[in-house]
Amino acid sequence: MDLIEATSHRPPDVPGAWPLLGHLVPVLRRPLEFLPAVAGFGDVVKVRFGRLPVYVVTHPDTVRAVLVPGDLDYTRGRIFDKLEPALGRGIATVSGAEHRRQRRNLQPVFTRERLAGYAGIMRAVAEETTASWRDGQTLAMDEVMNDLALAALTRSLFRLTAHQDTAEAIKRGMRLLTRGLLLRTVLPTAWERVPTPGNLRFRRAMARMHRAVGDLVAAYRDSGRDRGDVLSALLAIREEDGTGLSDEEVHAQVMTLALTGIEAPGAALGWVLHEIGRDPEVAGRVHAEIDTVLGGRAPGFDDLPALEYLGRVVSEVLRLRTPLVFMRRTLTEVRVGRSVIPAHAEVVYSPYLLHHDARWFPDPLRFDPDRWLPGNVERIPKGAYVPFAAGAYQCIGKLFAVTELTLVTAVVCARWRLRPAGHAPVRELATALVRPHRLPMTVHARTARG
Ligand code: HEM
């Protein structure tokens, strides 16, 4: 027996599996408690979705061991297979060489210069949203922020404001897609063919969304004009041999960006306003910084570095209220830490699990933006903080998202003070990410000194 064999082992089973169902019941009913708890059983552990074995990497080192070699040892996992029929073969569902080709093509859509342009759209959308607020009004802030993220993304995607119906079709389709994703990932595929009211509603919404996006791509292609938006940038992409992207690929990228670019920032924006609204000290520091840095003018992309404290608030929200699970599939047998995972196995990593681990984030449920101060931040191990993942498949919209969270909050808090309406704690709703269940907040216009 060589040294490697002597020191490697099969990952332990997490106890509590039910016959046939495995860990489906706790995964579906209490994922936010179940997932962080599995870290107690090892750095790589095995759970079962029904009869399907799934390996969960729970330690920053084992998470990096999976994410960073990226597309060499792994393809996308089951969660992405479930997305492909809805999205097509866009950047978030393909693997390996095809993924590298698409990622290279999409880079020009996310350059700093383009982001400065999207930042102008985000600011305008935030100003339009807050323009209708009245002093003392109570708003469903989760819905307001989701709509704002939808408008920011769809207007960055396609400037044509006449396409309100397309935005609505995307909103409804993407909401159903993300909300049912965890369930579709753990249940057998045959279940999706059963004509339940939920499955029928889902199919209708998908068909409507595809029609709307198809019409939009055709309209842009026909006009041939560059409107300075993402869709124009996609149509302008040329491969090395000079050919452009097919309609099918452009369509898949629009759907993919709509899936990845609306719900996650929308939910995170709600959480940012919630954390600021419920803690007068955090609110005081945010308001003071915005007043000092902006002095009453509208924020732009170049103001972001100076909004330091707000940046730490955003980092801390992305720690605490972070995506729940993503998956990979091994191509060959891999060694991860001291464990061996077989070939063609499903692997899960969970930013939520890592970010709630007291070993890396002491008192993990406490909201503390100062964890991110220089001097503190160095103590967080590499791989323990992965709201945007790492490696080949990491979030291509990271800077878009951070810009949106910071700019929109700056526009809102420059003029408004938000407070939670009512005393009920806000519940976390586990979908593909963690959304605020209901977020009623009262908005108060700030006076010159307030
Ligand atoms: C708070 C907001 C966001 C969070 C927390 C987030 C998080 C993530 C994570 C964790 C991944 C990697 C998934 C994996 O490991 O398989 C990812 C991928 C991705 N994200 Fe984001 N994201 C956010 C916003 C956005 C936005 C605004 C966009 C687009 C404008 C975007 C576009 C994408 C795309 C296209 C991918 C797939 C990248 C690839 O496979 O190469 N995301 N995101």
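Modeller: Let's start with the whole chain and then zoom in. Of its 450 residues, 45% count as buried. Keep in mind that this is a predicted model. The secondary structure comes to 19 helices and 12 strands. Along the principal axes, the C-alpha atoms fill a box of roughly 75 × 55 × 45 Å. A compact globule with 450 residues would have a radius of gyration near 22 Å, and the chain agrees, since its own value is 22 Å. Among contacts with a separation of 6 or more, 76% are between residues 24 or more positions apart.

Now for the ligand. It is surrounded by 22 residues, and the closest are Thr260, Gly261, Ala264, Cys395 and Gly397. Helix H14 gives the most, with 4 residues. What is the shell made of, in terms of nonpolar, polar and charged residues? There are 16 nonpolar residues, 5 polar ones and 1 charged one.

Is Thr260 buried or exposed? To count as buried, a residue needs 20 or more other C-beta atoms within 10 Å of its own. Thr260 has 24 such neighbours, so it is buried. Leaving aside residues up to four places away in sequence, Thr260 touches Ala92 and Gly397. Gly397 is also among the residues closest to the ligand. Thr260 and Leu153 are 107 residues apart in sequence, yet their C-alpha atoms are 9.9 Å apart in space.

Helix H9 covers residues 141–157 and lies across strands E4 and E12, running at about 65° to E4. Those two strands belong to an open sheet of 3 strands, in the order E4-E12-E9, with antiparallel pairing. Strand E4 (137–140) and strand E9 (416–420) each have a single partner strand, so they stand at the edges and one side of each is left without a neighbour in the sheet. From one strand to the next, the twist averages 35°. As a general point, strands of a sheet pair through backbone hydrogen bonds, either parallel or antiparallel. Here, 5 bridges join E9 to E12 (residues 440–445). In one of these pairings, Arg419 has Thr442 in E12 as its bridge partner.

Terms used. Residues numbered from 1 in each chain as written. Predicted model: local features only at pLDDT ≥ 70, side-chain atom pairs only at ≥ 80, totals over all residues. Pairing = 2+ DSSP bridges. Axes fitted to C-alpha atoms, helices over the stretch in contact; angles between N-to-C directions. Contact = placed C-beta atoms within 7 Å. Near = placed C-beta within 6 Å. Nonpolar A, V, L, I, M, F, W, Y, C, P; charged D, E, K, R; others polar. Buried ≥ 20, exposed ≤ 12 C-beta atoms within 10 Å, placed from the backbone. Rg over C-alpha atoms; globule rule 2.2 N^0.38 Å.
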